[in-house]
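Open your viewer and get your selection tool ready.

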Amino acid sequence: MRTPFGRPGLEPYTVYQRQAAARPGGLTAHFLGTSSLLLSDGATTLLCDGFVTRPGLMRVGLGRIAPDAGLVRAAIERLGVRSLDAVFCAHSHYDHALDAPVWCLQTGAVLVGSESTANIGRGLGLAETSLRVVGDGDTLDYGRFTLTFLDSVHSPGDRYPGVVTRPLVPPARTGAWKTGAAYSVLIEHPVGRILLHASANHRPGMLDGRRAEVVYLGIGGLGKQSREFVRRYWDEVVGAVGARRVVLVHWDDFFVGLDRPLRPLPYFADRFDVTMAMLLPLAQRDGVEVVLPVAWDATDPHGELD
């Protein structure tokens, strides 16, 4: 019998965990759960979110949370990060922005995102020179990378809407990390183009004229949406940019630490099995490869697409 705290297994989907290994001269990506992604070309390194503290369900629901600088340091060492140019946040919920300022404090990176994200950085003592607020259509260059920030919307059922209006000093209630602006980020590089689309929703037409071979596609909450919602989401994001590979993100149980293998969220939060049953036929229809990423592995986002 399915219970709310049970969860779908990954066993039926292990075939999708095949990923191209990192190669010299290519881009290297490390997935860190949720929508956290470290991306490097050897000269420039960028990080989306960097959420590694992952406090447990009881603390998130009933207590106060704060970033764990020790876990950030351990991640930096495990990944061999020697320098970090920028940390950008898809939006400002705690599962995206909690740890981002700590990565900046420990590496000297710039924190990029909405004014809400900037206030999260200010609350941990980041200087104004280490903050960059962006809006719809803004582009930033880091080495050979060009990042374009496109206004999007959070997935349905946003529990913490609104903006962070003043410096957020942790520990604080989970709801203090309000959404702010939600971004879809187009990452362009001579090697190829990547769209990092963390939240399972979209603004119609937001990606018109944009192209990307690879999409890191947020699927959190899709298991509770209609088949028509999922089809429109796929067509307006994956189809709109002409992607050939989709890497599924924001499906894992982020109440569990990264010292354990990733597993889907419990049934009370989402239905990963239902999501896969809706997405896989769309991918087959369009000839798009689906990848289920493994945490910490060094991969080539564009590998074997040639």
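Before the first stop, a term: buried means under 20% relative accessible area, exposed over 50% and partly exposed in between, with a 1.4 Å probe and protein chains only. Helices (H or I, at least four residues) and strands (E, at least two) are DSSP runs, numbered from the N terminus. This is a predicted model, where local features need pLDDT of at least 70, side-chain atom pairs count only at pLDDT 80 or more, and totals for chains, interfaces and linings use all residues. Residues are numbered from 1 along each chain as its sequence is written, and side-chain values use heavy atoms, leaving out hydrogens and water.

**Strand E2.** Select residues 37-40, which make up E2. Leu-37 and Leu-39 are buried on one side, and Leu-38 and Ser-40 are buried on the other, so both faces are covered. In a regular strand the side chains alternate between the two faces of the sheet.

Which residue of E2 is the bridge partner of His-30? Pick Leu-38. The two strands form a hairpin with 5 residues between them, and Gly-33 in the turn has a positive phi of about 80 degrees.

**On to E3.** Now select residues 45-48, strand E3, which runs antiparallel to E2 with 4 bridges joining them. Leu-38 has Leu-47 as its bridge partner here. In this hairpin 4 residues lie between E2 and E3, and Gly-42 in the turn has a positive phi of about 95 degrees.

**Out to the surface.** Finish with Phe-5, in the segment before E1. Phe-5 is exposed, with a relative accessible area of 61%.

Terms used. Pairing = 2+ DSSP bridges.
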